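Hello,

Here is the structure we talked about. Please open it first, then read my notes below.

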Amino acid sequence: MTQEAIFAGFGGQGVLSMGMILAYSGMLENKEVCWMPSYGPEMRGGTANAITIVSDDYISSPIISRFDSVIALNQPSVDKFESRVKPGGMIIYDSTNILTPPTRTDITIYNVPGSEEAVKLKNIKVLNMLMLGAFVRATKIVKEETITEALKQVLPERYHKLVPLNMEAFNVGTSFVTN
Amino acid sequence: MGDLKLMKGNEALSEAMIRAGCDAYFGYPITPQSEVLEYLAREASARTGMVVLQAESEVAAINMIYGAAGAGRRVMTTSSSPGISLMQEGLSYIASAELPCLLANVVRGGPGLGTIQPSQADYFQSVKGGGHGDYKLIVLAPSSVQEMVDFVKLGFELGEKYRNPVMILTDGAIGQMMEKVVLFEQMPRKTEFPDWATTGKKPGKDRNYITSLHIQSEKMEEINLRLQAKYKEIEKNEIRYQTVNLEDAEYVFTGFGLVARICIKAMEMARAKGYKVGVIRPITVFPFPTQVYADVAPQLKGILDVEMNAGQMVEDVRLSVNGATKVEFYGRMGGMIPSPEEILENFERIYIKGETK
Amino acid sequence: MSERTYVDIEAELTDQPINFDEDICLAENVVYIKPQTLIDVPMHYCPGCGHSTAHKILMEVVDEMGIQEEIIGVAPVGCSVFAYHYMNVDMQEAAHGRACAVATGIKRIMPEKYVFTYQGDGDLAAIGTAETVHAANRGENILVVFINNGIYGMTSGQMAPTTLPGMVTTTSPYGRDVKTQGYPLYISNLLANLPGVAYVSRHSVHTPNNVRKAKKSIAKALEYQKQGLGFCMVEIVTNCPSNWKMTPKQSNQFVEEKMIPFYPLGDIKVPEGK
């Protein structure tokens, strides 16, 4: 199984971390992983993004222009990447923020009211974990329980007290995806 | 078995430097490789006592390297294109004085101040000498974070074996991307130094001096002949490359570094469409793996060379096949990275539809 | 009493002819021997040039301190590019202007060793200004012997950063015009302002007394290096008979009458409490 995903949003929304946590999780499960932050032409147009590939096999190119999944945290990300989802792929988007939703019919679209739910958790910063929860539930590319361990590796020790809150957000995110 | 970690290319390179028992790093900040100096400043000194110094310029840094390498130490510097240009003077002296040292060029798009995005436009500068005079660097082109680690160790070894400067030719994308790496165990720093090193005159022995100045032409020609003989030896012993699916290949995609992996993806897509494509990736770009191209050329309908520049390595590929097959080029410049789809498209345009442009 | 000048000494010497045939070869009459650490080969320097004296006193200090095996030198590009043919210590030949960077590399990995550079005015104060200033500012614990003769010797007489105003060189054929060619650079005074610099002293080697003082200054600087006090520079204001188009004697007079008034001798900075 291979998952070629792109996490995209404004700088500061934690999109780079989302990809990194996924990459760590993949590594913990002995999969091949590659994480590539915004580079080259992808950097323009108001989005920060991270391509993250998790695979059971050797990963050839870290540079890809078509994706299995797009996780969009802002409108420019949907506008830019909707057309680049492979047929049969998916978009997960923050429906609180994104007012013009994706319209393709050959892909699966999950609208997750991420910002709204994050505000309910009294911390908008956990939006990224919430969206990651939806992504992991939808793709099953890594086990949900691996995420806790990955979080600990990504977060510096002094922030480990925030792990429970982040996992709560992650779990809320998973609940928006029903297979 | 060493440690398994998820690391950025630049960090992995820095960690490998510490673990390889590097004695000193002298460098100057420049995007996209400033993490190296930052990582080392944070980590190195406390762990191994390694010297880490931010120089006032790349010019100074490479000359500090000259000094410490002359004293027989394992030394390394890193920079990106504009900074590497400034180091060319020092590199020429280092090559002439036959001092081992390792440097990494995390290439960005040029010419001039250019862009901070990844590029391969420094190929000619890296493999054809770079500074003044007839000399060569040994040039290793990693295509993964793991190779950023492995080539630090290999680079030090090759440099010391041949008393020659070695360059890791990489780019900003490999420097910034994260992959799994297996790190080798910490190696001890050297406690014994070569006979030629200037560590203070030894009792009963002649002094050592390190120089690249030989005013008499006969002597300077002799030095040149010795250097050329060394480069021949390096060409004989140290060629490294990777091939994929060459057995039944009718076409070959070729590129170095990051682009080679994009070529492999494009090859997979081409195979899915029924085109018999293989890939050749030079790992050492000097010495260049001429023979592998020459050997496969007769079975091919053509080669597509892909680079992040205006077409540099393609000249070496053409020299290698020496007319035995067609060699076409596709490249992006100024920090643009070709996508697998683009490579496939251009392959079909050139070789299947037979369009020239 | 004022110091004896070169002209006085010259007069005294000619007044007292030496009897070569008799006393001078006797072992018990030895008053001077060449330093052991100076290699016994003919030097390429022009007759009357101050480099040979500067080499000699540097190596005398090395002998006297017994540090031949603990010192590493860096030669510049300029007339003294071949310093390593004369100094019997481990040495490296640096690119033009880069000696202080090379010395930094050497000293940083071997802080327990003595390290010196030997540089001319073009090397140190023109093309190598950045390397010099930054090594000084970092307080690199090295000795810089700076030979200032106000001209490029190796390339045959072009203007140097330290060329005096009005002085004729091949690239200032009408005399250095400070309005268009800049002012002589007081690099020693400039460096003395930096906190990383421990010791800066300016000397000459055109009379025996000055040679002695210069030597003492070099010895002091190496002693300070041993104590880890930081960057030390000994400037030697000297001559270039060939490119000044003078006899050795005239050139020493020029040093005394023109160079020294412009570059006054003596300590510019000394370590606190020394």
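**Where chains A and B meet**

W35(A) stands opposite M178(B), a residue of β8(B). Keep in mind that this is a predicted model. The two strands involved are β2 of chain A, residues 32–37, and β8(B). They pair in the antiparallel sense, over two bridges.

Now the wider contact. On the chain B side, 20 residues are in contact with 19 residues of chain A. Elements of chain B that give two or more residues to this side are α7 (172–176), β8 (178–183), α9 (258–272) and α12 (340–352). The largest share, five residues, comes from α9(B). By class, this side of chain B has ten nonpolar, four polar and six charged residues.

**Inside chain B**

Chain B is assigned two domains: domain 1 (3–237) and domain 2 (242–352). Their C-alpha centres lie 28 Å apart. Here, 27 residues of domain 1 are in contact with 22 residues of domain 2. On the domain 1 side, the largest share comes from α5(B), with four residues. That side divides into 15 nonpolar, eight polar and four charged residues.

**The core**

The largest nonpolar core has 255 residues. I92(A), M131(A), C263(B) and V145(C) have the most contacts inside it. Why does this core lie between domain 1 and domain 2 of chain B? Both domains give residues to it, so it lies between them.

Best wishes

How values were computed. Residues are numbered from 1 along each chain as its sequence is written. Chains are lettered from A and ligands numbered from 1 in the order in which they are written. This is a predicted model: local features need pLDDT of at least 70, side-chain atom pairs count only at pLDDT 80 or more; totals for chains, interfaces and linings use all residues. A nonpolar core is a set of buried Ala, Val, Leu, Ile, Met, Phe, Trp, Tyr and Cys residues joined through C-beta atoms within 7 Å. A residue is buried if 20 or more other C-beta atoms lie within 10 Å of its own, exposed if 12 or fewer, and partly exposed in between; C-beta atoms are placed from the backbone. Domain bounds come from an automatic or database domain assignment. Two residues are in contact if their C-beta atoms, placed from the backbone, lie within 7 Å. Ala, Val, Leu, Ile, Met, Phe, Trp, Tyr, Cys and Pro count as nonpolar, Asp, Glu, Lys and Arg as charged, and the others, Gly among them, as polar. Two strands pair if DSSP finds at least two bridges between them.
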